Amino acid sequence: MLSIAKVTKNYTPRGGRGVKRRGQGPATGPALRGIDLEVGRGQFHTLLGPSGCGKTTLLRSIAGLERPDSGTITLAGTTMFSSATGIDVSPDRRGFGMVFQSYAIWPHMDVFKNVAFPLAVRRPGRTTPKLSRAEQRERVEEALAAVGLADYAGRPATNLSGGQQQRLAVARALVTRPPLVLLDEPLSNLDARLRESMRFELKRLQRETGVTMVYVTHDQAEALALSDVVTVMSAGSIEQSGSPQEIYDQPSSLFVAEFVGAPNLLPGVVEHTAGDAARVASEAGSIAVDRCRLEQGARVRVLMRPEDFTVTPADAAPDGADHNTFEGVITATAFEGERVRQKVQVGDLTVECHAERHQALSEGTSVRLTIPPAQVRLVPEAEGERRTERQPEPAAA
Ligand code: ADP
Ligand code: MG
């Protein structure tokens, strides 16, 4: 439905100040380096990546607010932008709904008028007939009902709470029944609890209206919770596109694995393959995996999710299953309510694992960690792969 091909954008032209090689930080080099992306009709598609990776530039390019240097953008077969033919449809003619982090409500208008505004200023066109007053009222009421603000129509917009103002911004983006709604970090100004409940609201709304959404965030938990498809970006390029499960379970690069928050990524080398199965040599010994698409000798990171380990006291009888086993000592624990995070020293390595609250063992306990080969994933480690720090979560208000 939305097709993006070979889109590039460089704010600092070649030879200008600030142009440096890739890998020297996000503030230099092209903002977009040849983006190819397909968004299906009715999809909730999220662009996920660290600050400065180009998410906003891509979203604004889709909206027509930013002019790419090259590439094409088409919506349902209609060209919105093409550097080859010079087509560049203006933002109001593209007619997409937009929601920003700063939700920009109009403080001098009541809730109803805020939502009605895009209908009032809209230029009627071939696909957007002029609406009568009654039809406009109906549209506004429908949009307000969709976001749960039906009873607030007559209130001054400034009387709404932060979460309600954000819902108002969403209603305003939906009222014209746009083919596409673009959202740029719309929840990041809300406190942690409100942010979580708004995730459910947004997802419900998207499912109910069936509207296609492109959603930008740097918050991996938000991306996984909301999306049909997550596209992970880094330094102006796409690292991986896939379902939340694919991104979480099969990260295609170390960057994605780290960004999606994998604490255990042991360096290793594929030492033996047999069909799909393989053994990997690592500092923690030889590790068996069920699925390996890499050649013998390939350098990898062994990804073992903290929730996939079973932790038992070292002196308990082994359960006899043919699992990977590591012996260690619990060096730190953190109670987090429904689970306990534990750090286990295995030789020179620290492995993080999670235990249910009733099964947690105390610090200093000698333990055995087991994990079945089916739950161990391998992430290819490209030559010269950069290590990247995850963004800290914004502090809750
Ligand atoms: P994100 O939304 O992922 O944080 P942006 O798209 O805002 O990233 O920025 C991508 C890169 O482009 C960054 O290096 C940023 O500094 C740069 N950039 C963004 N907007 C401008 C601008 N108007 N002028 C110059 N550089 C910009
Ligand atoms: Mg941004």
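Analyst: Buried here means under 20% relative accessible area. The model is a predicted one. In helix H3, residues 111-121, the buried residues are Val-111, Phe-112, Asn-114, Val-115, Ala-116, Pro-118 and Leu-119. At the N-terminal end of H3 sits a cap, Asp-110. A side-chain oxygen of Asp-110 lies 3.2 Å from the backbone nitrogen of Phe-112, and Phe-112 is itself among the buried residues of H3.

Next comes the geometry of the packing. Two packed helices are described by the angle between their axes and the distance between the axes. For H3 and H5 the angle is about 35 degrees and the axes are 7 Å apart. The crossing of these two helices is right-handed. On the H3 side, the contact uses Val-111, Asn-114, Val-115 and Pro-118; on the H5 side, Leu-168, Ala-171 and Arg-172. Sorted by class, the contact of H3 with H5 has five nonpolar residues, one polar and one charged. Asn counts as polar and Arg as charged, so Asn-114 is the polar member and Arg-172 the charged one.

H5 also packs against another helix, H6, which covers residues 192-209. Here the angle is about 20 degrees and the axes are 11 Å apart. Angles under 35 degrees count as roughly parallel, so H5 is roughly parallel to H6. H5 passes H6 in a right-handed crossing. From H5, the residues that make this contact are Gly-163, Gln-166, Arg-167, Val-170 and Leu-174. From H6, they are Leu-194, Met-198, Glu-201, Leu-202 and Leu-205. By class, the contact of H5 with H6 is made up of six nonpolar, two polar and two charged residues.

Glu-185 lies in the loop between strand E8 (180-184) and H6. Most residues other than glycine have a negative phi. Glu-185 is not a glycine, yet its phi is positive, near 45 degrees. Its relative accessibility is 11%, so Glu-185 counts as buried.

Lys-6, in strand E1 (residues 2-9), has a positive phi of about 50 degrees and is not a glycine either. Lys-6 is exposed, with a relative accessible area of 61%, whereas Glu-185 is buried.

A polar atom of the Ser-282 side chain lies 3.0 Å from the backbone nitrogen of Ala-284. The backbone oxygen of Gly-285 lies 2.9 Å from a polar atom of that side chain. Leaving out residues up to four places away in sequence, Ser-282 touches Leu-266, Pro-267, Gly-268 and Ile-287.

Definitions and conventions:
Residues numbered from 1 in each chain as written. Chains lettered and ligands numbered in written order. Predicted model: local features only at pLDDT ≥ 70, side-chain atom pairs only at ≥ 80, totals over all residues. Heavy atoms only, no water. Buried < 20%, exposed > 50% of the residue type's maximum accessible area, 1.4 Å probe, protein only. Helix = DSSP H or I, 4+ residues; strand = E, 2+ residues; numbered from the N terminus. Polar contact = N/O pair within 3.5 Å; in protein donor to acceptor, adjacent residues only side chain to side chain. Axes fitted to C-alpha atoms, helices over the stretch in contact; angles between N-to-C directions. Parallel < 35°, antiparallel > 145°, perpendicular 65-115°, else oblique. Left-handed = near helix turned anticlockwise from the far one by under 90°. Contact = heavy atoms within 4.5 Å.
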